[in-house]
Amino acid sequence: MMNAVTHKATAPVLVLAPPSEASPSREKRIVMLRRMWLIRAFEEKAEQIFAAGKLHGTMHLCIGQEASAVGALAALEDDDYLFSTHRGHGHSIAKGTDVNTLMAEFLGKETGCCRGRGGSMHFVDLRHGHLGTNGIVAGSLPLAVGVGLSIKMQQRRQVVLVFFGDGAVNNGAFHEAMNMAALWRLPVIFVCENNQYAYSTPVRKASSVERLSGRAAAYNMPGLTVDGNDVMAVYHAVRQAAGRARQGLGPSLIEAVTYRWRGHSKNDPNRYRTTEEIERWKEKCPIKRWQARLIADGIMSEAEVEQVRAEAYQAVEAAYAYAEMSPEACSDRLEGEVYA
Amino acid sequence: MREITYAEAIREALRQEMQRDSRVFVIGEDVGVYGGSNGVTMGLIDEFGPERIVDAPISEGGIAGVITGAALSGMRPVGEIMFMDFMTQASDQIVNQAAKLRFRSGGQGSVPCVLRTPAGSGAGQGVQQSQSLENWFVHIPGLKVVMPSTPYDAKGLLVAAIRDDNPVIFVEHKLLYKTKGPVPEDLYMIPLGQAEIKRPGRDLTIIATSIMVQRSLDAAQMLAAEGIDAEVVDPRTLKPLDEACLIASASKTGRVLIVHEAPRTGGFGGEVAGVIAGSSAFYHLKAPIVRLAGRDIPIPFNKTLERRAVPQIEDIVAEARRLMWHDISEF
């Protein structure tokens, strides 16, 4: 057997992004916390639904990764575009998707954003510029290049941000997309959420480089690794990348190093990692970290933080009630929905 | 009417649609100054510039993804894949992304794009540059598949494909590019899903696609000399398929010969046979439905072997005769 490249179990995290000129307003910082809690609450509810045997299909939870979703999307404008992954609940909520329509879609209801046709792994919310989660790893990267080209051709000021995991950087679609975006200087922001494992395979067993942002050099674009559990680090990195993109300077690759607390999907016995490792990362909870920062900066009090948390769980409970009451997706004429 | 080639007809459709609609653009390998591997886009870059005639790297998945993403965000792109064999490289983007978006989003969005590509053997291109893979795409809900056989159809169908709000796979044929035919200078559209009876006849129906249409017409002429009056039907669009036209023709003649270049097993002929056998035409059939298709082999390089891999005019004549004068034990 070939010797694998030796990496440390958890890669060192480099925080390279300097604070950008446009720091988020006080209100925005609070919204960021609210969205992080909404994501956490949504994922925990999803888990409960599965445990209760009420879930049809699979789910991919992003508990522990809330900062990369919220930090990245807080740095964009509402009309900017998003492509997400199979682990996309957090991205959708961070982009502004209403939790009612997301929960209803998760349960396959007619009131879901995609009327139960997509489910959460094939979710689309065009009204919010959300062009889709994706069941194909790296599948959305070439799509993002197309949107970038389209923005450039139409001389609009938008950018498109595409999330993908550490597994995607070893797929051909990643390389084709990175090359084309850089070649044509398109307003694309590539955000790799390096949560250390592609399903069960650790980065060191799948990737020839340890620092995934290093791949950017091959395509002559800036590559940046940030602490993906630090919502402001992600925010500033994406803000910078968006600024470059809007000036016509082209794409960037941002690697947000983070960790998923739960398994890959619903039935994952975690055979490939230790409980100690998971517990160590739980201590780096991105939400607690952001709360502490908001309190330390005098933006919120302990009580206010707690209120935001409680409201998020209430909103998700209400979303669940809404989804449960909603009619099952049904149609006698599904063939009529295939073509525009 | 003036006569132009199949390649010129496609180019004219592209040019006129690009003049009409600024959202239309072309992207593919070597489509710019070189004019595309088959010369279809020759000169378009002079009129529209490199911003709208986009030379792409050799990234077929990228090209297919780019047209899908661009279509999703307001453009109406036309991609070119140099050989249909290379569609394998692009298939994730076509099959999993472009074809699914409309349905999976619950009708929120659409993907108005065209992917043009030449299929077919006969040019000595060997196993990896000669295939006819249309039926793979016919199989995918969400895609439309067009296969023009004449310059006139090529122009009208491409215009319709560009204006269609769905992803359309537009399958050209290498050997047809230089064939000439009458084509109006004005813009016109041939609706997708409309077959055409290329030659009316009473005795048997030959349903043929792409280059097999002309071969079937040539065969029909030879058969006429023997007193066999063949009707030649070109579906033109494989999906959506004009089932009514095929069923009507089969019902009229009672004998059906299906001709295509792709290998028989899993080919489009099976679908056509199924449509006819499952319809009221069944009660009019005087003989089994016969499929004359490419052999179940890769396309060989050697010229003679290559020719024998797919139906030729004489094969069509022979099958038609067998269908007319058959003994039941022959089937």
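A residue is buried if 20 or more other C-beta atoms lie within 10 Å of its own, exposed if 12 or fewer, and partly exposed in between, with C-beta atoms placed from the backbone. The structure is a predicted model, in which local features need pLDDT of at least 70, side-chain atom pairs count only at pLDDT 80 or more, and totals for chains, interfaces and linings use all residues. Residues are numbered from 1 along each chain as its sequence is written, while chains are lettered from A and ligands numbered from 1 in the order in which they are written.

**Exercise 1.** Determine whether A:R333 is buried or exposed.

*Solution.* Step 1: locate A:R333 in the segment after α11 (302–325) of chain A; helices (H or I, at least four residues) and strands (E, at least two) are DSSP runs, numbered from the N terminus. Step 2: count the neighbours. A:R333 has 6 other C-beta atoms within 10 Å, and is therefore exposed.

**Exercise 2.** Describe how α1 and α7 of chain B pack.

*Solution.* Step 1: two packed helices are described by the angle between their axes and the distance between the axes. Axes are lines fitted to C-alpha atoms, for helices over the stretch in contact, and angles run from 0 to 180 degrees between N-to-C directions. Step 2: helix α1 (residues 6–20) of chain B and helix α7 (residues 151–163) of chain B meet at about 30 degrees, with axes 8 Å apart. Step 4: name the residues. Among them are B:Y6 and B:A9 of α1(B) and B:P151 and B:A154 of α7(B); contact requires C-beta atoms, placed from the backbone, within 7 Å.

**Exercise 3.** State the strand order of the open sheet in chain B and identify its edge strands.

*Solution.* Step 1: two strands pair if DSSP finds at least two bridges between them. Step 2: the five strands follow the order β9-β11-β10-β13-β14 (chain B), with mixed pairing. Step 3: β9 (196–199) and β14 (290–294) of chain B each pair on one side only, and are the edge strands. Step 4: examine one pair. Strand β13 (residues 256–263) of chain B joins β14(B) in the parallel sense over four bridges; B:L257 has B:V290 as its bridge partner in β14(B).

**Exercise 4.** Find which element gives the most to the side of chain A that touches chain B.

*Solution.* Step 1: the contact takes 34 residues from chain A and 33 residues from chain B. Step 2: α5 (140–153) and α6 (172–183) of chain A are the elements giving two or more residues to the side of chain A. Step 3: α5(A) gives the most, with 10 residues.

Definitions and conventions
Contact = placed C-beta atoms within 7 Å.
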